[in-house]
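Please look over the sequence and the structure before reading on.

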Amino acid sequence: MSVTPPGPMGDPLFGNGRQFADDPFGFLRACADSYGDVVRLDLGPRETYLLTNPTDVERVLVADAERYRKPQFGDDAMDALLGDGLLMSDGETWQRQRKLANPAFHNRRIGALDGVMADHAESHVADWQDGDVVDLQLELARLTVKIIVTAMFGADVTDEEVKTVQENLEPLGARFEPDPRRYLIPDWVPTRENREFDAAIDTLESVIDDIVARRRGTERDPSVDPAGPDGTGVRGPPGDPDADLPMDLLSVLLRARDRGEQTDENLRDELVTMLLAGHDTTALALTYAFYLLSNHPEARERVEREAIEATTDGLPTAADARGMEYTERVLNESMRLYPPVYTLFREPKLDVKLGGYRIPEGSALMVSQWVVHRSERWYDDPEAFDPDRWTPERRSQRPRFAFFPFGGGPRHCIGKALSLLEAKVILATVCSRFELDYEGPDLSLRGSLTMHPNHPVPMRIRER
């Protein structure tokens with residue numbers, strides 16, 4: 001057996017970088033189809049290995065998670081944007097921040113946010129008119145920004161602030177699209193792309209500063225927590241001085257900073273991470289779900305029936321969402337075909353053995369949802385949209401990590417429950433009143449920190 005995994009030939013200067021940049025999704029799947037469970041890639045300054053078997057994915061993310069860490073790519077842009085927030089931090093810093101954030105994501109608190117989600121969704125679609133055409137991805141992103149700010153910052157956000165956030169997402173996302181030439185140009189060089197990226201960060205931070213300024217002074221007022229009238233949504237243990245105080249993330253962080261447990265930089269990193277990751281992935285999951293439903297009328301009719309039932313007595317609640325079983329299957333199938341987070345990275349702390357090969361310490365491991373979710377090894381007819389894949393019987397026939405849109409193990413997405421409830425509430429609100437028909441070109445995709453449509457997503461609105 002070879003000690004080195006197989007992989008594609010690359011260019012002398014850029015390795016496989018050009019192939020990956022031209023079509024990251026097609027390139028990764030072609031590598032998996034051609035080379036098997038472990039694929040060696042040349043994507044930059046360090047050796048990279050693509051893992052395509054759910055057994056290896058589970059080992060890296062769960063069973064042997066302590067042997068791996070988040071890799072440091074030496075990317076100053078990533079540090080400038082997300083710093084040591086939950087998405088990028090590691091070790092003791094991550095453990096401290098995750099423990100601090102946990103109360104804001106407790107299941108009881110998330111369930112108590114159903115009214116916030118439904119109110120925002122109802123308000124957002126109030127102006128939609130029969131026959132209108134909207135860019136659905138943009139509409140959903142604006143809606144999810146409002147929800148995440150209310151739910152996790154305990155504040156409202158103005159339409160102008162939402163517009164500002166959206167306008168600055170493009171230069172932020174563009175900076176992380178694969179481009180092998182970027183390694184040749186330091187981040188401090190004042191190229192147009194670098195200037196636009198820096199300006200977008202400054203603007204985004206100014207929006208967050210304004211939200212924090214409005215919120216400051218209310219983090220100890222139980223009446224302001226959006227999770228419920230008791231001000232908590234979930235109570236802490238007896239004797240905990242914060243047990244009856246607001247548990248939105250911003251309040252928790254502000255109190256920690258007052259105790260000397262957080263710096264201004266910690267606060268900034270977590271808020272930027274939450275604002276970007278907390279709204280973008282949910283908006284994308286919903287965009288792809290509506291796109292698929294538009295192309296599959298029978299599935300759309302079943303979702304509409306559940307939506308009407310969920311809104312019979314008014315706005316949808318968490319209890320209503322739990323009853324939307326077919327809608328949940330649709331969301332799972334949408335995230336299988338179009339996972340908003342299409343790849344994760346880990347770095348071994350020491351030499352490890354995966355798929356029969358020795359993987360050296362300090363290399364980069366890619367565990368790609370896009371590749372695994374669309375593999376015919378784990379799914380019959382993997383390109384087809386089939387929500388019934390997610391019946392308990394059929395799901396039990398597949399490896400656990402043949403599907404991992406929210407990652408897994410200790411570092412699984414802290415916002416999973418929030419995102420799924422939010423998606424169901426928005427689907428119930430929209431589908432009980434409207435049918436959305438896609439009127440754009442064949443869907444094409446581009447990779448950045450998340451997987452985005454490479455063009456607007458025009459949907460014609462039809463009142464039911």
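Two strands count as paired if DSSP finds at least two bridges between them. In this predicted model, E9 and strand E12 (residues 458–463) meet that condition with five bridges, in the antiparallel sense. One of the residue pairs is Asp437 with Arg460, its bridge partner in E12.

E9 and E12 belong to an open sheet of three strands, ordered E4-E12-E9, with antiparallel pairing. Its edge strands are E4 (133–135) and E9 (434–438), each of which pairs on one side only. From one strand to the next, the twist averages 35°. In general, strands of a sheet pair through backbone hydrogen bonds, either parallel or antiparallel.

| Helix | Residues | Strands it lies across | Angle |
|---|---|---|---|
| H8 | 136–153 | E4, E9 and E12 | about 65° to E4 |
| H12 | 264–294 | E9 and E12 | about 85° to E9 |

The arginine is Arg398, located in the loop between helix H17 (392–395) and helix H18 (416–431). Which side chain of opposite charge is nearest to Arg398? That side chain is Glu333, 6.7 Å away. A salt bridge requires a distance within 4 Å, so Arg398 has none with Glu333. Apart from neighbours within four places in sequence, Arg398 is in contact with Trp378, Tyr379, Arg389 and Trp390.

Definitions and conventions: Residues numbered from 1 in each chain as written. Predicted model: local features only at pLDDT ≥ 70, side-chain atom pairs only at ≥ 80, totals over all residues. Heavy atoms only, no water. Helix = DSSP H or I, 4+ residues; strand = E, 2+ residues; numbered from the N terminus. Buried < 20%, exposed > 50% of the residue type's maximum accessible area, 1.4 Å probe, protein only. Lys, Arg positive; Asp, Glu negative; His and termini not counted. Contact = heavy atoms within 4.5 Å. Axes fitted to C-alpha atoms, helices over the stretch in contact; angles between N-to-C directions.
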